[in-house]
Amino acid sequence: MNERFELVGIRPQPVLILPDKAGRHQGRPVFSMAVLAVIVLGCLFCELVITRDPAYMDLQNSAAAPCREFLFGTDSMGRDIFSMIWYGGRVSLLIGVLSTLISTAIAIVFGAASGCAPAWLDGLMMRLTEILLSVPGLLVVVLLQAVLGKANVLTLSLVIGITSWTSIAKIVRTEVRQLRSSEYVVASKCMGGGFFHILWTHLAPNFVSSIMFMVVMNVRSAIAAESTLSFMGIGLPLDIISWGSMLSLAERALLTGAWWMIVIPGAFLVVTLLCITSLGNDLRKNINRKQSSL
């Protein structure tokens with residue numbers, strides 16, 4: 001005999017869980033990303049808004065304080081600082097991105113080669129990396145730039161790029177040593193896959209998230225290095241406008257009391273570096289959170 005039972009009483013109601021849209025951006029550096037986006041977009045599309053030539057020397061208004069005509073004032077050669085900020089930021093950001101691409105490419109190839117190499121060659125390559133890490137990067141940049149001669153955007157990006165790849169290479173090497181025994185890597189080798197095919201097809205997609213934090217921080221370091229070299233007088237010449245070349249007039253500005261020549265480009269540089277640092281820290285936290293959940 002089949003007996004049917006019916007549960008009587010209060011029935012539990014299904015709980016509907018709605019996505020927390022407000023918490024989606026909780027803890028994210030939204031303000032830093034917004035400020036950085038405004039600076040980057042302003043530098044990229046400054047020609048659509050700014051009509052004043054940043055290289056024009058208005059000697060009658062040299063070292064003019066900020067006013068209605070010159071929002072950020074002029075430098076000692078009569079150039080409009082407001083226009084120079086946006087056009088010069090384009091050069092500084094270009095050097096930061098270009099040098100980071102160079103350093104990242106070198107780090108991926110060198111680190112992957114070290115991770116796939118035999119033990120003796122791997123140890124030799126890592127000793128070379130540690131030696132380069134022990135040398136102050138700024139000194140190497142100054143030495144290489146002195147060898148290449150007069151600085152420009154390409155040479156400065158190349159010099160900064162080939163001296164800032166070591167830290168990323170060590171991470172890539174560690175990740176590759178963990179991945180090189182995977183079944184899909186071994187199968188690709190058996191099918192005749194070359195080093196670069198395996199690197200870009202199988203290895204790079206698995207370790208690219210681990211190095212994104214350092215890649216972003218390399219952009220910050222490259223911008224700071226360019227500004228430091230220009231401030232020291234061995235970076236970009238004055239005819240190539242960048243935030244660093246603007247700061248190279250700091251000594252003359254201090255003697256004349258023209259604070260706006262230092263404070264305004266320095267403020268844009270510091271704010272940009274802080275925003276990039278905040279973005280890099282957020283990437284690092286996300287990567288650590290994903291790795292801890294595995």
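The dialogue below goes from the overall fold to single residues.

Analyst: This is a predicted model, in which local features need pLDDT of at least 70 and side-chain atom pairs count only at pLDDT 80 or more, while totals for chains, interfaces and linings use all residues. Residues are numbered from 1 along each chain as its sequence is written, and side-chain values use heavy atoms, with hydrogens and water left out.

User: How many helices and strands does the protein have?

Analyst: Helices (H or I, at least four residues) and strands (E, at least two) are DSSP runs, numbered from the N terminus. Here the secondary structure amounts to twelve helices and zero strands.

User: What share of the residues is buried?

Analyst: Buried means under 20% relative accessible area, exposed means over 50%, and partly exposed lies in between, with a 1.4 Å probe and protein chains only. Of the 294 residues in the protein, 40% are buried. The accessible surface, from the Shrake-Rupley method with a 1.4 Å probe, is about 17300 Å², and carbon and sulfur atoms account for 67% of that surface.

User: What share of the contacts joins residues at least 24 apart?

Analyst: Contact means heavy atoms within 4.5 Å. Among contacts between residues at least 6 apart in sequence, 69% join residues at least 24 apart.

User: How is the packing of α8 and α9 described?

Analyst: Two packed helices are described by the angle between their axes and by the distance between the axes. Axes are lines fitted to C-alpha atoms, for helices over the stretch in contact, and angles run from 0 to 180 degrees between N-to-C directions. Helix α8 (residues 183–190) packs against helix α9 (residues 195–231) at an angle of about 175°, and their axes are 10 Å apart. Therefore α8 is roughly antiparallel to α9, a label given to angles over 145 degrees. Helix α8 contributes Y184, V185, S188 and K189 to the contact, and α9 contributes H197, I198, H202, L203 and N206. By class, the contact has four nonpolar, four polar and one charged residues; Ala, Val, Leu, Ile, Met, Phe, Trp, Tyr, Cys and Pro count as nonpolar, Asp, Glu, Lys and Arg as charged, and the others, Gly among them, as polar.

User: How many salt bridges are there, and which parts does the pair R90 and E47 tie together?

Analyst: A salt bridge is a side-chain nitrogen of Lys or Arg within 4 Å of a carboxyl oxygen of Asp or Glu. The count by this rule is seven salt bridges. One of them joins the side chains of R90 and E47 (3.4 Å, N to O). Since R90 lies in helix α3 (residues 81–116) and E47 in the loop between α2 (30–44) and α3, the pair ties together parts that are 43 residues apart in sequence. R90 is partly exposed at 27% relative accessibility, whereas E47 is exposed at 52%.

User: Is D80, which forms a salt bridge with R52, buried or exposed?

Analyst: D80 is buried, with 5% relative accessibility. Its side chain meets that of R52 in a salt bridge (3.6 Å, N to O). Both D80 and R52 lie in the loop between α2 and α3, so the pair ties together parts that are 28 residues apart in sequence. R52 is partly exposed at 33%.

User: Which residues are linked in a network of salt bridges?

Analyst: The network links D122, R173 and R177.

User: Where is G233 placed?

Analyst: G233 is in the loop between α9 and α10 (243–247). At 60% relative accessibility, G233 is exposed.

Methods:
Angles under 35 degrees count as roughly parallel, over 145 as roughly antiparallel, 65 to 115 as roughly perpendicular and the rest as oblique.
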